[in-house]
Amino acid sequence: MTSLSAKDKATVQAFWSKVSGKAGDIGTDALSRMLVVYPQTKTYFSHWKDLSPGSAPVRKHGATVMSGVAEAVGKIDDLTSGLLNLSELHAFTLRVDPANFKILAHNILVVLAIMFPNDFTPEVHVCMDKFLAALARALSEKYR
């Protein structure tokens with residue numbers, strides 16, 4: 001398990017401050033990609049009438065996901081405690097397989113690289129990857 005250094009945290013926070021205004025678009029694209037590229041993830045959203053990329057439910061949940069990412073950036077010093085409620089929700093109520101957190105994290109990275117090519121440097125890439133992995137671990141905490 002790789003922990004976030006002070007420099008990693010500062011890099012994530014600085015990058016997030018640049019991209020957070022597009023959080024809804026990031027979430028919509030990342031979730032759309034996940035549902036297309038990893039169709040097995042659709043099982044969690046079978047109650048939606050439209051699972052197509054960019055549909056209203058995908059946009060709404062994409063914004064919700066990125067709101068969680070924003071919360072995590074704010075609680076970057078203690079993700080496990082800071083995201084305990086989200087972990088409990090996903091483990092006990094939604095019963096999401098924690099492997100899906102890694103899948104969505106990957107799709108978020110892809111979208112960040114596409115949408116912000118000049119800002120998504122190799123250094124930012126590695127820091128965001130470590131952060132999203134730590135976020136996925138924190139969300140998986142209640143599964144243990």
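This is a predicted model: local features need pLDDT of at least 70, side-chain atom pairs count only at pLDDT 80 or more; totals for chains, interfaces and linings use all residues.
How does the length of α6 work out? Its 17 residues, 99–115, should span 24 Å at 1.5 Å a residue, and the end C-alpha atoms sit 25 Å apart, which agrees.

With a relative accessible area of 11%, Ser140 is buried, because buried means under 20%. Setting aside neighbours within four places in sequence, Ser140 touches Ser87, Pro98 and Phe101.

## Salt bridges from α1

The whole structure has 6 salt bridges. Among them is Lys7 with Glu123, where the closest N and O atoms are 3.3 Å apart. That pair links helix α1 to helix α7, across 116 residues. Lys7 is exposed at 56% relative accessibility, while Glu123 is partly exposed at 37%.

Lys9 pairs with Asp77, with 3.1 Å between the closest N and O atoms. Lys9 is in α1 and Asp77 in the loop between α3 and α4, so this bridge ties together parts 68 residues apart in sequence. Here Lys9 is buried at 19% and Asp77 is exposed at 65%.

Then there's Lys18 with Asp119, at 3.4 Å from N to O. Lys18 belongs to α1 and Asp119 to the loop between α6 and α7, 101 residues apart in sequence. Lys18 is exposed at 56%; Asp119 is partly exposed at 29%.

Technical notes
Residues are numbered from 1 along each chain as its sequence is written. Side-chain values use heavy atoms; hydrogens and water are left out. Buried means under 20% relative accessible area, exposed over 50%, partly exposed in between (1.4 Å probe, protein chains only). Contact means heavy atoms within 4.5 Å. Helices (H or I, at least four residues) and strands (E, at least two) are DSSP runs, numbered from the N terminus. The expected span of a helix is 1.5 Å times one less than its number of residues. A salt bridge is a side-chain nitrogen of Lys or Arg within 4 Å of a carboxyl oxygen of Asp or Glu.
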